[in-house]
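Please read this briefing alongside the sequence and the model, which follow directly. The notes after them are grouped by topic.

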Amino acid sequence: MDNYTDESSPPATAMSGALKNRPLPRHIAIIMDGNGRWAIQHGLPRVLGHRQGVKALKPIVKECSRLGIEVLTVYAFSTENWSRPLAEVTTLMALLEEFLDSETPELKDQGVRIRTIGHLEQLPKAAQAALARSCAETDGQTKMVLNLALNYGGRDELVRAVNRWLAEQRSKGANHDLDVATVERYLDTAGLPDPDLLIRSSGELRLSNFLLWQMAYSEIYITDVLWPDFTPEELLRAIEVYQQRDRRFGGHS
Ligand code: IPE
Ligand code: IPE
Ligand code: MG
């Protein structure tokens, strides 16, 4: 293990008190990475790693909602993941539909509203339909937002945002300059706070095109744990480390 990952902190069981005494992140973003390596380690096909990855997500959503986290954004499929073999992409889309169909009622009971970021129009029609159903069914829930990043890339999001703004400018014959607040209104994340905490599993030290604009001041926590092995205890550990950080935003403590 190197110095960049798994910062030392007390075991998760000792943390519940500490968690309450310092501010929680309002928005947690997770790069759920390592399904393939988990499968290889267990002598299984990659797709079973993805299935196990979906299984790991459920208790994390529940724990975030229990803790009072406002927004949980999970990176489920990137604009670059289309370069994987077709069979793997097809399995990932099928798992998405399965997750939405089986989990939406319970998520609704937990007060979770499902929303998405990413270029959804390029997803298979069945996946789009399942997403529309789940978003409609949980619309009006207010405890937590579960934000699914699907066919999401930070660069693609920015380009789509600017093009949408440009099209509106042209149609109105307007000639304004862009500013930060305007860009934010046109991003897929409009209306959400920026992530306070980014968690990446499986030890990779990169952003992989995730929330490039929004993570300007996110605290980053990277663990070597592979996503299918990521538990609520790991989540609490990440939050505990976050609570020890000194967020200066370019100023002084
Ligand atoms: C993350 O696991 C899931 C997706 C990217 C969809 P990976 O499939 O990237 O797993 P590794 O990185 O190969 O272990
Ligand atoms: C990032 O993981 C995307 C998701 C977790 C959905 P990748 O496995 O695609 O990232 P790279 O290729 O290692 O950067
Ligand atoms: Mg990966």
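Helices and strands are DSSP runs numbered from the N terminus, a helix being a run of H or I with at least four residues and a strand a run of E with at least two. This is a predicted model, in which local features need pLDDT of at least 70 and side-chain atom pairs count only at pLDDT 80 or more, while totals for chains, interfaces and linings use all residues. Residues are numbered from 1 along each chain as its sequence is written, chains are lettered from A and ligands numbered from 1 in the order in which they are written, and side-chain values use heavy atoms, with hydrogens and water left out.

**Salt bridges**

- A search of the whole structure finds 19 salt bridges, a salt bridge being a side-chain nitrogen of Lys or Arg within 4 Å of a carboxyl oxygen of Asp or Glu.
- In helix α6 (residues 154-172), Arg160 and Asp156 are 4 residues apart and therefore separated by about one helical turn; the two form a salt bridge whose closest N and O atoms are 2.8 Å apart.
- Arg160 counts as buried at 17% relative accessibility, whereas Asp156, at 24%, counts as partly exposed, where buried means under 20% relative accessible area, exposed over 50% and partly exposed in between, with a 1.4 Å probe and protein chains only.
- Salt bridges with shared partners also link Asp33, Arg37, Arg200, Glu204 and Arg206 into one network.
- Glu70 pairs with Arg26 in a salt bridge, with 2.9 Å between the closest N and O atoms. Because Glu70 lies in the loop between α3 (46-67) and β2 (71-78) and Arg26 in the loop between α1 (16-21) and β1 (27-31), this pair ties together parts that are 44 residues apart in sequence.
- Glu70 is partly exposed, with a relative accessible area of 34%, and Arg26 is likewise partly exposed, at 44% relative accessibility.
- Arg51 and Glu98 form a salt bridge in which the closest N and O atoms are 2.8 Å apart. Since Arg51 lies in helix α3 and Glu98 in helix α4 (residues 86-109), the pair ties together parts that are 47 residues apart in sequence.
- Arg51 counts as partly exposed at 40% relative accessibility, and Glu98 is partly exposed with a relative accessible area of 40%.

**Ligand 1**

- The residues around ligand 1, taken as those with a heavy atom within 4 Å of it, include Met32, Asp33, Gly34, Asn35, Gly36, Arg37, Arg46 and His50.
- Polar contacts are pairs of N or O atoms within 3.5 Å; within protein, one atom must be able to donate a hydrogen and the other to accept it, and residues adjacent in sequence count only if both atoms are side-chain atoms.
- A polar backbone atom of Asn35 is 3.1 Å from an oxygen atom of ligand 1, while a polar side-chain atom of Arg37 lies 2.7 Å from an oxygen atom of this ligand, and a polar side-chain atom of Arg46 also lies 2.7 Å from an oxygen atom of ligand 1.
- Ligand 1 exposes 380 Å² when taken alone, and the protein buries 86% of that; accessible areas come from the Shrake-Rupley method with a 1.4 Å probe, and for residues only the protein chains shown count as cover.

**Ligand 2**

- Among the residues surrounding ligand 2 are Ile31, Tyr75, Phe77, Asn81, Arg84, Arg200, Arg206 and Ser208.
- Oxygen atoms of ligand 2 are approached by polar side-chain atoms of Asn81 at 2.9 Å, of Arg200 at 3.4 Å and of Arg206 at 2.8 Å.
- Of the 390 Å² of accessible area that ligand 2 has on its own, the protein covers 78%.

**Backbone angles**

- Most residues other than glycine have a negative phi.
- Asn151, which is not a glycine, has a positive phi of about 45 degrees; Asn151 is found in strand β4 (residues 144-152) and is buried, with a relative accessible area of 1%.
- Leu211 likewise has a positive phi, near 45 degrees; Leu211 lies in the loop between β5 (197-200) and β6 and counts as buried at 0% relative accessibility.

**Pro232**

- Pro232 is found in helix α8 (residues 232-244) and is buried, with a relative accessible area of 18%.
- Leaving aside neighbours within four places in sequence, Pro232 is in contact with Pro59, Ile60 and Glu63, contact meaning heavy atoms within 4.5 Å.
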